[in-house]
Each structure stands twice: as C-alpha cells, then as structure tokens.
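Visitor: I am new to this structure and would be grateful for a close look at a single part of it. Please describe that part and how it is set within the chain.

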Amino acid sequence: MNEFEAGRPVVLRGGTVLPMDGRRVLTRTDVLVTGDRIAAVGPELEAPEGAAEIDATGGIVMPGMIDTHRHMWQTVMRGYGADWTLTQYFVWYYLEHGKLFRPEDVHAGNTLAAIEALDAGVTTVVDWSHGLRTPDHADAAADALQAVPGRYVLAYGNIQQPPAEWTAAPEFRDFVRRRVTGDDLLGFQIAFDVTGDPSFPERPAFEVARELGATVTTHAGVWGATSDDGIRLMYDHGFMTPGTVYVHAASLSADSYHRIAATGGSISVSTESEQSAGQGYPPTWAIRAHGIPVSLSMDTSVWWSGDLFSAMRTTLGADRSREHLEAHAKGETVTHCALRADQVVDWATRGGARAIGRDDLGTIEPGKKADLVLIKNDASPVSFPLLNPFGHVAFQAQRGDVHTVLVNGRVVKHEHRLLGIDLAAVRAQADSTIEYLRGEMGEEAWERGMNPDIPSAKVLDNPYTYTDYRSDATHRL
Ligand SMILES: [Zn+2]
C-alpha cells in the first residue's frame, strides 16, 4: 500500500504539459486523473476531495511513451551482444542458443524488461516475443507481463518453427482462447517475417491472423533477411492491411514504401538497432516523404538501451545526418532542419498509439487513458532553464529524470522510485537464468559469444532455414 492507493484521484500541479496535438506547450498547467482516465487539463484545476497532489513545477508532463517492437525475453541478457552484427545475433538466438531458453527464462527477461520500461516512462511496450517455442513459454511471457503494472502487447512469435506451422498448432489456438481476453493492459499481435520465397510459405500464417482479427507485425527491409520481395508477396496476396506494422523497413525501395503508404500500415523505426546491427540506414529520412506513419522502438536490450529518450535522440540525429550527407554529396548545404524535435516526441507517443490502434493513448486530453510521465529532476543541473520542452525531451532528458509514471491512472513510479516492485526478486530470477545459460553453453562458448572474433570463413547470414530461398536484393555476389 502507498499514498496512491487504487481509485484515489491524482492531480499533477503546475507542470509544462505537452498535450501532443502539434507543437503546443501548456505552461503552469495541471492534469487531473480520476479512475483510469485524464479528467481535466488546465490551470489551477479544482481537484476532488482526497486527491493525491504531485508537484510538477519545473517539470514536463507528457504522455507515456510507446515502444512498438521490443524482444523483451532478451533483456535478461542485457548488453551481452554489444559488439554483435545482425548475423551474430541470428546465429546465437535463431540457430544455436535461443532454444536453450526455458519458460522461466522468458519470464525472467519479460519481467525485467517490463519493469525497466516503466522506470524509463515507457508505459506501453509491444513484446515482439519470438522465443515462444512451446505454449508454456507463451504462458510464461504473458504471466510476466500481467504481473507488472504496465501496458503491453504480446506479439506472439516462434523463430524455431516456420510461421505456417506454429500458427496452425492447436496449442496456439488454445493459448489465444485462454489468454487473449480483451484485457485492456495486454493486447495481442502475431509476429513473423516474410522471407520473399516466391511460394509464399507464410501465407497460412497470414490467414490465421486474419481469421483471429490479429494485427501482424513483421521485420521488413532487413538487409540479408527480408526485402522488397516479401512486401510484394504480401501486397499481391492482399495481406498488407491497415494496422500492419513493418519493423525497420530500412532497406526497401520506393516501390515498397508506396505499397505501405497505400495500404495504411506503419513503420516501427529502431534507430539504435539499424545503426549498429546492419538492417539498413534508419529510414525516417526516406519514409517521411511517403507520408507513412512512424513509431519508435528499441528492438533488444541484448545490445541497446531500453529507453525511448535514446530512440528519439538517435532518430533525430540519424535523420539530420543523412540529410546533411546527401546535400554535401551534391555540393549543397542544408540551411534548415526538416525534422524537428517535436516530431520525434510525437513518434514516441502518438505515433506508437496509432501504430497499435489505440487512439485513447498517446495524447494528454480529457477522456484519454491516464498513461503519463513527469520528467522532473530538481537535483539535476540539466533541469533548467526549460526553454524548449520538445528539445529538452529529445536531447537532454534521460531515464534518471523520470520522476513519476502513471499507467491506466495508477501511479507506478514516484519521486524516481518504482512502487511495489521487488527488484531483489527480479535480480535473483535474472541471475538464475544467466547461471543456467552459462552452464548449458559452457564457459568458453559463453565468453566467445560475447566477444566475437573476426572469422576467416564465410558464415551463415540468413536466419530463415525453413526455405532455401535467396534473393539478389539482399545477397548480391
Ligand atoms: Zn526485432
């Protein structure tokens, strides 16, 4: 029990509020939360009797951030793959050691990732959960997400089997029946990739998704793995539908972007990931011209940070960097930035809400769900002057500045501390998974995995072993 017991109204007083309806900034503004909703936004609001008061002066109140693609089970190996390429990731998880994960290991990763997200003000995460090789793994993933008071979408996947196989399994149907119950805090998607094999072996999986009314999320435009061929097959067979989320979309042609734009899908950009793993150049500079909706994601903590401040910062930097580079190649100078700070804040909030079909999230206005973040750190010399709040969020703020977080009207972090979270228990669970993995792999393989050498022989660079298909688009000789 804490001072914010369930049902007690909360008012955040006197903050700089970013409602996320364009570049509007509301200074010295209150936000009143009753139940699971935002009840009012305005100066000096009258709060109901007994409301908890949170002093937001000197801080920024923004919608909770939304990550549309995170492999949460991998958070338990945080930082292990810091020096990996995408190929090394594929080999480790898809081909060699990913199968070692037991249900309790998926649970450990998901729990840690879910808590980490809340701590950083990421109130909704799409768990791109592609380690679900048995229904027990899937139950463990869902159990973990439901035990942490954040908002999650379980995007069900299984890299150990062709999508047509695992989506056809009765156990998968049974899981959907049991666990996809319309819980407002646990949504559902289906997660698999499209290889581009002309026989389109992924077709039955799309049909299952259609039958279940589930959104498909897919890694598209990933150099060496997925390409324009997959997009064309999805398009030709009528599976590019509004709501489809294309992750990365970093090495696609204008033709594919046209198809995505025309069919109402959105792109989840993972700039930190694209910059170092090799899917392709972070694509916002290209897709802005096509009017495709953008959301942000961080992909996996096996390399990268789990906070969207980094995602905003790197995305803004990568986009501007590309514009400068292209201009310089033509002997020209960029005199005005096309991509503004408020735009990446929009992608991290409203963009994510749109991508997952939740128009009740991502903005601050009466009637919307109360998923809120207060960025405020009175002890930090970076907290003032607060002249340009969007610039502050995109370039200055960090997870340590996340003072208060609400999800569904419930205060889950206050005064920089998570409420009701037993971090020691989570740490023990993570430790036990790491101990198990090290034991199974052996110390030498474990060390070698974390410290990749530079091989002399060609190594396998495509993770999809259920088809022999290879495309010129990604495997030019
Ligand atoms: Zn991914």
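Guide: The end C-alpha atoms of residues 60–412 lie 17 Å apart, and this span is 40% helix and 17% strand, where helices (H or I, at least four residues) and strands (E, at least two) are DSSP runs. The model is predicted, so that local features need pLDDT of at least 70 and side-chain atom pairs count only at pLDDT 80 or more, whereas totals for chains, interfaces and linings use all residues. Residues are numbered from 1 along each chain as its sequence is written, and side-chain values use heavy atoms, with hydrogens and water left out. An unreviewed UniProt entry annotates residues 60–412 as "domain: Amidohydrolase-related"; such annotations may be inferred rather than shown by experiment.

The zinc ion has as protein donors (N, O and S atoms within 2.8 Å of the metal, or 3.2 Å for Na, K and Ca) His 69 (NE2), His 71 (NE2), His 219 (NE2) and Asp 299 (OD), at 2.1 to 2.6 Å. Their spacing in sequence is H-x1-H-x147-H-x79-D. Both His 69 and His 71 are buried, that is, under 20% relative accessible area with a 1.4 Å probe, protein chains only.

As for the wider setting, an automatic or database domain assignment gives domain 1 (10–63 + 373–418) and domain 2 (65–355). Their C-alpha centres lie 28 Å apart. The contact, meaning heavy atoms within 4.5 Å, takes 26 residues from domain 1 and 28 residues from domain 2.

Conventions:
Buried < 20%, exposed > 50% of the residue type's maximum accessible area, 1.4 Å probe, protein only.
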